[in-house]
Amino acid sequence: MFVLVNLKAYPADPVSVAEAAATVDGTAGVDVAVAPQAADIARVAQTGAETWAQHVSPVSHGSHTGSTLAESVAANGAVGTLINHSERRLTLADIDDSIAAADRAGLETVVCANTPEQIAAVAALGPDAVAVEPPELIGTGTPVSQADPEIVEDAVTAAEAVDPAVDVYCGAGISTGEDLVAAEELGADGVLLASGVAKADDPQTALEDLVGQY
Ligand SMILES: O=C(CO)COP(=O)(O)O
């Protein structure tokens, strides 16, 4: 089971969360990775934690001020990137170009989508994985696996119909080991989570509990 901790723009210390993630990584068959702000990628990667970008721009080297270059995040230690997170949405054409940019840089790709229909569309673009996250549940603490289990099952079916090689993750409100088990039972290969760790009083304990209860 893959767990990607998306730190968004929360004030949690990215290095301490990464150190905690590196400590629990691999426990009970759970692989834990951290997606910090782009500016924090190098120091997060230096902890030894598996490090991801939250976004890469649909561009390559050139005149693109303010972009997040896939080659740059890879050179600083990221091994993968989210694309089209609900809080960083792109057009379909830009999703395609961001996947191409990530592929050129050797980054793994997880493309997010809000619905099973969008999951089918983005699975057709050849990412390594897709992730369904209903926006109305993000940050609520109510796990998608409980509030809307059908959306996870339907996303798994939709991705499978387009490309069985694409892994399917889910996210929104996931914070416990029980949520991980529920996501897996719905057919997900992993989860994305944020506030359950980044906003916890003690992110290390939150991660230890998550993996320990799985
Ligand atoms: O957006 C998310 C992960 O990418 C989910 O956020 P929460 O875990 O805070 O609901």
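Select Ser195 to begin: this residue is found in helix α9 (residues 195–198), where helices are DSSP runs of H or I with at least four residues, strands are runs of E with at least two, and both are numbered from the N terminus. With 20 C-beta neighbours inside 10 Å, Ser195 counts as buried; a residue is buried if 20 or more other C-beta atoms lie within 10 Å of its own, exposed if 12 or fewer, and partly exposed in between, with C-beta atoms placed from the backbone. Residues are numbered from 1 along each chain as its sequence is written. The model is predicted: local features need pLDDT of at least 70, side-chain atom pairs count only at pLDDT 80 or more, and totals for chains, interfaces and linings use all residues.

Next, select the UniProt "binding site" (unreviewed entry), which lists Asn6, Leu7, Lys8, Ile138, Gly173, Ala194 and Ser195. These residues span 190 residues in sequence, yet no two of their C-alpha atoms are more than 14.3 Å apart, so they gather at one spot. UniProt positions are given in the numbering used here, feature names are shortened, and annotations may be inferred rather than shown by experiment.

Move to Asn6, in strand β1 (residues 2–6). Asn6 is buried, with 25 other C-beta atoms within 10 Å. Leaving aside neighbours within four places in sequence, Asn6 is in contact (C-beta atoms, placed from the backbone, within 7 Å) with Ala35, Gln54, Leu82, Leu192 and Ala194.

Now select His85 and Glu133, where UniProt places the feature "active site" (unreviewed entry). Although spread over 49 residues of sequence, they cluster in space, the largest C-alpha distance being 8.5 Å.

- His85 is in the loop between β4 (80–83) and α4 (92–104). It is buried, with 23 C-beta neighbours inside 10 Å. Not counting residues up to four places away in sequence, His85 touches Gln54, His55 and Cys112.
- Glu133 lies in the loop between β6 (129–132) and α6 (144–147). It is buried, with 28 C-beta neighbours inside 10 Å. Beyond four places in sequence, its contacts include Ser86, Cys112, Asn114 and Ile138.

Finally, display helix α5 (residues 116–123) and helix α7 (residues 149–162), which pack at an angle of about 25° with their axes 8 Å apart. Axes are lines fitted to C-alpha atoms, for helices over the stretch in contact, and angles run from 0 to 180 degrees between N-to-C directions. Pro116, Ile119, Ala120 and Ala123 in α5 meet residues of α7, among them Ile151, Asp154 and Ala155.

Terms used:
Contact = placed C-beta atoms within 7 Å.
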